[in-house]
Amino acid sequence: MVVVGIDSSTQSTKALVVDAEDGRVLGEGRAAHPEGTEVAPEAWWAACEQAVHHALAGVSAPVEAVAVAGQQHGMVALDPSGKPVRDALLWNDTRSAPQARALVARHGAADLARRTGLVPVASFTIAKLAWLAEHEPGNADAVDRVLLPHDWLTWRLAGSPERACTDRGDASGTGYYSPGTGRWLPDLLTEAMGGRSPRLPDVLGPTESPGAVAAGPLGGALLAAGTGDNMAGALGLGIGSGDVVVSVGTSGTTFSVRDEPCADETGTVAGFCDATGRFLPLVCTLNAARVLTSTARLLGTDLDGLSELALSANPGADGLTLLPYFEGERTPDLPDAAGTLTGMRGTNMTPQNLARAAVEGMLCGLADGIDALRQVGAGVRRVLLIGGGSASRAVRALAPSLFGVGVEVPEPAEYVALGAARQAAWAVSGAASPPRWGLRTTAYEATDVDSGAEVRHAYRAARRSVHGI
Ligand SMILES: Nc1ncnc2c1ncn2[C@@H]1O[C@H](COP(=O)(O)OP(=O)(O)O)[C@@H](O)[C@H]1O
Ligand SMILES: O=C(CO)[C@@H](O)[C@H](O)COP(=O)(O)O
């Protein structure tokens with residue numbers, strides 16, 4: 001039996017055609033998304049059609065089921081005719097930081113963490129809707145329903161029916177859903193939107209289906225509920241107790257699974273739900289793979305060249321430290337920050353040291369995420385490294401000593417799209433648990449934890465001196 005998994009993430013859509021029995025990838029397609037932190041959802045639709053078209057080329061068996069995983073939190077606000085009232089605001093758009101702060105001031109961090117699992121920052125949907133109500137009241141008046149990117153794509157695949165659907169995982173990233181009770185919190189939404197009460201999608205369980213694909217090359221296939229991209233990553237890897245995933249994509253995410261909800265009133269750990277009925281505590285940074293791209297561009301090299309340079313420098317880059325907050329930052333909550341390079345001396349200003357400082361600075365943010373997961377009770381037996389940036393030789397080599405734990409890199413694959421495919425296979429199987437698909441990894445040992453600890457110490461000192469935290 002053949003299933004399709006779609007990953008509509010920040011920079012691109014990836015589609016996989018997968019054998020539902022063993023998880024073998026039979027076809028793969030990809031299409032880029034526009035740049036920027038606000039995007040017309042129609043661009044995701046076009047990319048999805050293109051990626052699916054490429055993935056299906058050469059596959060003759062009929063597709064039985066499909067699921068979509070999407071970048072979390074994006075605000076897709078539709079008018080009564082189903083048209084977006086404006087371009088979607090993405091998770092990495094920081095304009096809604098003041099509205100997030102106002103929500104926290106009104107309710108208190110502890111209360112919001114307890115009710116929603118989250119302490120609002122600019123990324124979460126509730127802050128974006130509050131921004132819309134404040135800055136574009138005409139558009140806010142026109143909103144009939146609010147969806148997330150994966151909900152919207154699933155709804156479009158289903159032929160734009162009257163009812164739209166989401167799942168626990170993506171709902172838990174809105175800021176107006178209770179992971180503990182599994183219910184929407186419409187009072188929070190209405191308050192954030194200045195008294196307006198848009199319709200919300202039905203929240204489906206892990207194997208529930210919103211129907212079938214209405215038309216096109218996937219027409220007739222069963223639609224699974226879909227989920228957020230990080231939840232799909234967890235499902236694609238099949239993680240369990242002691243596993244922590246670090247994803248180096250557009251965002252840097254660090255997450256694990258557990259059986260109880262998580263309410264971190266410091267706001268460092270977001271208490272999301274996963275795609276299997278459990279919970280997914282997660283720490284997210286805004287600056288991950290693109291730190292490497294920007295630094296490579298500055299140094300006039302490519303990503304492989306950046307790795308070579310970084311690996312030829314000493315640990316600690318001879319005293320250079322980069323706080324890589326190029327897009328502002330979410331964890332720590334510094335939405336207006338820019339990057340800072342500290343420790344510059346005539347002797348250490350070399351391309352090698354700058355490359356090293358970029359990789360180390362980016363990984364230090366992720367290492368802080370692993371520590372934050374420990375703080376909320378996660379056991380850390382191994383780290384699984386995924387996302388586009390995990391292809392970097394320097395990232396693979398430096399991560400274990402900075403994380404202070406062994407790192408395993410799964411064989412190259414699109415694990416978010418694979419997780420979506422696994423959900424589709426599970427939904428169509430009617431089984432109690434997802435199909436068992438093997439995972440092969442390459443291990444990287446933590447050999448130089450002392451120098452890793454020194455690099456992290458320098459990073460914390462630079463952050464304290466520049467940002468006071
Ligand atoms: N060899 C590499 N070294 C470093 N970064 C890489 C490498 N290959 C791909 N990337 C980066 O990975 C990112 C895309 O990762 P991906 O996980 O697909 O992101 P997203 O899902 O957020 O769209 C891009 O920024 C790309 O430059
Ligand atoms: O905001 C979050 C998680 O809370 C991000 O992880 C988004 O879900 C975007 O993911 P990528 O495009 O980087 O995979």
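**View 1. Helix and strand contributions to the shell around ligand 2.** Helix H9 (229-237) and strand S19 (279-285) each supply at least two residues of this shell. Helices (H or I, at least four residues) and strands (E, at least two) are DSSP runs, numbered from the N terminus. The model is predicted: local features need pLDDT of at least 70, side-chain atom pairs count only at pLDDT 80 or more, and totals for chains, interfaces and linings use all residues. Residues are numbered from 1 along each chain as its sequence is written, while chains are lettered from A and ligands numbered from 1 in the order in which they are written.

**View 2. Residues around ligand 2.** There are 18 residues around ligand 2. Ser9, Thr10, Gln72, Gly249 and Ser251 come nearest. A residue counts as near if its C-beta atom, placed from the backbone, lies within 6 Å. The shell holds 13 polar, four nonpolar and one charged residue. Nonpolar covers Ala, Val, Leu, Ile, Met, Phe, Trp, Tyr, Cys and Pro; charged covers Asp, Glu, Lys and Arg; the others, Gly among them, are polar.

**View 3. Ligand 2 and the two domains.** The chain is divided into domain 1 (2-228) and domain 2 (238-405 + 439-469), with bounds from an automatic or database domain assignment. Both domains give residues to the shell, so ligand 2 lies between them. Their centres, taken over C-alpha atoms, are 26 Å apart.

**View 4. The contact between domain 1 and domain 2.** In domain 1, 25 residues are in contact with 24 residues of domain 2 (C-beta atoms, placed from the backbone, within 7 Å). On the domain 1 side, helix H3 (109-116) and helix H7 (168-171) each supply at least two residues. H3 gives the largest share, four residues. This side of domain 1 divides into twelve polar, ten nonpolar and three charged residues.

Key
Two residues are in contact if their C-beta atoms, placed from the backbone, lie within 7 Å.
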